[in-house]
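Hi there,

Here is the structure I promised to pass on to you.

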Amino acid sequence: MLKGIDPVLNAELLYALMLMGHGDQLVLCDVNHPAQTIARHTTYGRLIDVSGCGLERTAKAVLKLFPLDTFITSPVKRMQVVDDPAGHMPIFETIQSVVDEAEGRPVPMEALERFAFYEAAKESFAIVRTSDMGPYGCFIFSKGVI
């Protein structure tokens with residue numbers, strides 16, 4: 001155990017966060033996301049599990065250490081509701097709140113169609129699967145600089 005580091009951030013997740021550079025992307029997802037399949041395509045190459053922890057708690061822990069990219073318009077992306085691009089899920093507002101609080105400002109979040117999200121996730125550095133039951137708990141965070 002280390003002082004000041006949220007215990008949600010296991011050794012593998014901390015290692016991946018440390019390896020990431022500016023512009024690299026991290027996916028946080030729920031248990032419904034095809035995370036294992038997509039993780040094989042990422043830079044990290046394997047899935048990182050955060051067992052027993054939901055998206056909100058994981059996002060709060062990650063964003064204490066992870067600066068969001070300020071050089072792009074939308075450093076956070078989420079999955080659109082299938083067949084309802086304007087559809088809203090409670091998790092969207094929850095994560096928006098976490099992100100805004102972590103950054104101390106409103107942070108634009110871009111919605112991606114389901115398959116566009118999967119393709120973007122394949123281009124990410126790593127995928128972190130939480131125990132959140134979803135649905136639509138799929139987010140991509142772009143790393144900034146400190």
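This is a predicted model: local features need pLDDT of at least 70, side-chain atom pairs count only at pLDDT 80 or more; totals for chains, interfaces and linings use all residues.

**Aromatic rings**

I began with the rings, where a search of the whole structure turns up three aromatic pairs. One of them joins tyrosine 44 and phenylalanine 125: the ring centres are 6.3 Å apart and the planes meet at 35°, so the pair is classed as tilted. Tyrosine 44 sits in the loop between α2 and β2 (48–49), while phenylalanine 125 sits in the loop between α5 (114–122) and β5 (126–129), so this pair ties together parts that are 81 residues apart in sequence. Both tyrosine 44 and phenylalanine 125 are buried. If you display Tyr15 as well, you will see that Tyr15, Tyr44 and Phe125 make up one aromatic cluster.

Arginine 78 lies over the face of phenylalanine 92, and the distance to the ring centre is 3.9 Å.

**Salt bridges**

How many salt bridges does a search of the whole structure find? There are seven, and I picked out a few for you.

- In helix α3, lysine 60 and glutamate 56 are four residues apart, about one turn of the helix. Their side chains meet in a salt bridge at 3.6 Å, N to O. Lysine 60 has a relative accessible area of 39% and is therefore partly exposed; glutamate 56, at 38%, also counts as partly exposed.
- In helix α5, glutamate 119 and lysine 122 are three residues apart, which means a separation of about one helical turn. The salt bridge between their side chains has an N to O distance of 3.2 Å. Glutamate 119 is partly exposed at 45% relative accessibility, and lysine 122 is partly exposed at 25%.
- Arginine 105 forms a salt bridge with glutamate 103, with 3.5 Å between the closest N and O atoms. Arginine 105 counts as partly exposed, with 30% relative accessibility, and glutamate 103 is partly exposed at 23%.

**Two buried loop residues**

Is histidine 33 buried or exposed? Its relative accessible area is 5%, so histidine 33 is buried. You will find histidine 33 in the loop between β1 (25–29) and α2 (35–39). Apart from neighbours within four places in sequence, histidine 33 is in contact with Ile38, Phe117, Tyr118, Ile127 and Cys138.

Setting aside neighbours within four places in sequence, serine 74 is in contact with Pro108, Met109 and Glu110.

**A nonpolar patch**

Which residues make the nonpolar surface patch of about 310 Å²? They are Phe71, Ile72 and Val145. Isoleucine 72 is found in the loop between α3 (55–63) and β3 (76–79), and with 34% relative accessibility isoleucine 72 counts as partly exposed.

Happy browsing, and do write back with any questions.

Best wishes

Conventions
Residues are numbered from 1 along each chain as its sequence is written. Side-chain values use heavy atoms; hydrogens and water are left out. Patches are made of residues with over 30% relative accessible area and no salt bridge: like charges are joined within 9 Å, nonpolar side chains (Val, Leu, Ile, Met, Phe, Trp, Tyr) within 5 Å. Accessible areas come from the Shrake-Rupley method with a 1.4 Å probe; for residues, only the protein chains shown count as cover. A salt bridge is a side-chain nitrogen of Lys or Arg within 4 Å of a carboxyl oxygen of Asp or Glu. Buried means under 20% relative accessible area, exposed over 50%, partly exposed in between (1.4 Å probe, protein chains only). Contact means heavy atoms within 4.5 Å. Rings of Phe, Tyr and Trp (its six-membered ring) pair if their centres lie within 6.5 Å; planes under 30 degrees apart count as stacked, over 60 as edge-to-face and the rest as tilted. A charge sits over a ring if NZ of Lys or CZ of Arg is within 6 Å of the ring centre and within 35 degrees of the ring normal.
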